[in-house]
2 protein chains.
Amino acid sequence: MTPAAPPTRRPGGRTARIRAQVLDAVRAELGEHGYDGLTMDAVAARAGVHRATVYRRWGDVGGLLADVLDAAGDDDWQPPDTASLKGDLAALNHEIQAALTAQPPIVAALIAASFRSEKADHAQRRLWEDRYARCEIIVSRAVRRGELPPRTDARRLLIAATAPLYHQLVLLRTPPDPHLPDHAARTAALAASAGAFADDQGG
Amino acid sequence: MTPAAPPTRRPGGRTARIRAQVLDAVRAELGEHGYDGLTMDAVAARAGVHRATVYRRWGDVGGLLADVLDAAGDDDWQPPDTASLKGDLAALNHEIQAALTAQPPIVAALIAASFRSEKADHAQRRLWEDRYARCEIIVSRAVRRGELPPRTDARRLLIAATAPLYHQLVLLRTPPDPHLPDHAARTAALAASAGAFADDQGG
């Protein structure tokens, strides 16, 4: 679920290399200074790329942030496979908690930026949608193992399992609770086994 | 759970009256223009109060937002009492969903502003802390009725019940799901009855 992946390999030519340099610079500037300190000029300088290139290709800070988020989704990330629903959700939650509390706080800064920039907002929502869609395999595996009823609402279950982490860390901004990833996973798995997310329970 | 209460009665003298006028103006400006359009001068003009008074008393936009949030917590709000855990959580969630989707979007704008202004951040956290503390009576009533084990972790249960609404509406920004308030309440109540929030289950 980590929106900001570490710098990836750099295939392709000059265009791909410039993009990688610029996006690395955006992440670094964002981690150091947050949204308020992020400027096109600082990114260009840090990346060692002409300012004109950065303006032409990304337009503004929102364009840079959106491209960082889009690049984060352009990977082969798959949710953990631990052979149990509770284990998969717990491992997923540990990844989320690690990303949200990482230093420098790039993921947290990107989420905060999504309240400021419409382009970042759209890109952040695309990324979350993509991540949650990939995570649905956690639920279909659990159904296949007979852990869950066949018509379980995967998205609702995944939201229930992961929402407490986002709520505590992003909105309530309480110190990270090391037990919460496991606890929220266990709670959601327990409710799911009891049929709380079976489709015919809507409403 | 509504952070921005409607304008309240105005006891007290001139100072209290000016505060009420100014905070009403902040809410109105915020609802119409969001954080980006909120200025000290517009608030002073709308409130019909001298600019100098607004600057002297609130300092900056962050000070205005913090005072709106503090004023919202200065009420006699109590969580709904429906005589069942599931009913109380559902009624609470309906209040939260209504506040987060209200037009004009004052509550949503205040949450967004808490990512921009340190003063608003602190005030928003104080308000949430106060609201969740008041909601703990939902859990103690359920324990008294024998619906829950005596040593249930009230805060964790309340977070689990309410987090999906905040996650969907504030972070994922998906359209409001009319079933979610009831569903998230029922899921949390089900897990709670199964002992998911019993204190000895930590970790």
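This note reviews the predicted model of chains A and B, point by point.

1. Basis. The model is predicted: local features require pLDDT of at least 70 and side-chain atom pairs pLDDT 80 or more, whereas totals for chains, interfaces and linings use all residues. Residues are numbered from 1 along each chain as its sequence is written, chains are lettered from A in the order in which they are written, and side-chain values use heavy atoms, with hydrogens and water left out.

2. Interface extent. Contact (heavy atoms within 4.5 Å) involves 36 residues of chain A and 36 residues of chain B. The two chains bury about 3,500 Å² between them, 64% of it on carbon and sulfur atoms; buried area is the accessible area (1.4 Å probe) lost on putting two parts together, summed over both. On the chain A side, F115(A), R156(A) and R173(A) lose the most area to chain B, together 20% of what that side buries.

3. Interface make-up. Between chain A and chain B there are 4 salt bridges, a salt bridge being a side-chain nitrogen of Lys or Arg within 4 Å of a carboxyl oxygen of Asp or Glu. The elements giving two or more residues to the chain A side are α6 (106-113), α7 (118-144), α8 (154-171) and α9 (180-193), where helices are DSSP runs (H or I, at least four residues) numbered from the N terminus. The largest share, 11 residues, comes from α8(A).

4. An inter-chain pair. D121(B) and R173(A) meet in a salt bridge at 2.5 Å, N to O. D121(B) lies in helix α7 of chain B and R173(A) in the loop between α8 and α9 of chain A, so the pair joins two chains. D121(B) is buried at 12% relative accessible area, and R173(A) is buried at 16%; buried means under 20%, exposed over 50% and partly exposed in between (1.4 Å probe, protein chains only). D121(A) likewise forms a salt bridge with R173(B), with the closest N and O atoms 2.5 Å apart.

5. Pairing within chain B. D75(B) and R131(B) form a salt bridge at 2.8 Å, N to O. D75(B) is in the loop between α4 (61-73) and α5 (85-101) and R131(B) in helix α7, so the pair ties together parts 56 residues apart in sequence. D75(B) is partly exposed at 27% relative accessibility, while R131(B) is buried at 1%.

6. Helix packing in chain A. A161(A) lies in helix α8 and is buried at 0% relative accessibility. Its C-alpha atom is separated by 5.1 Å from that of A188(A), 27 residues along the chain.
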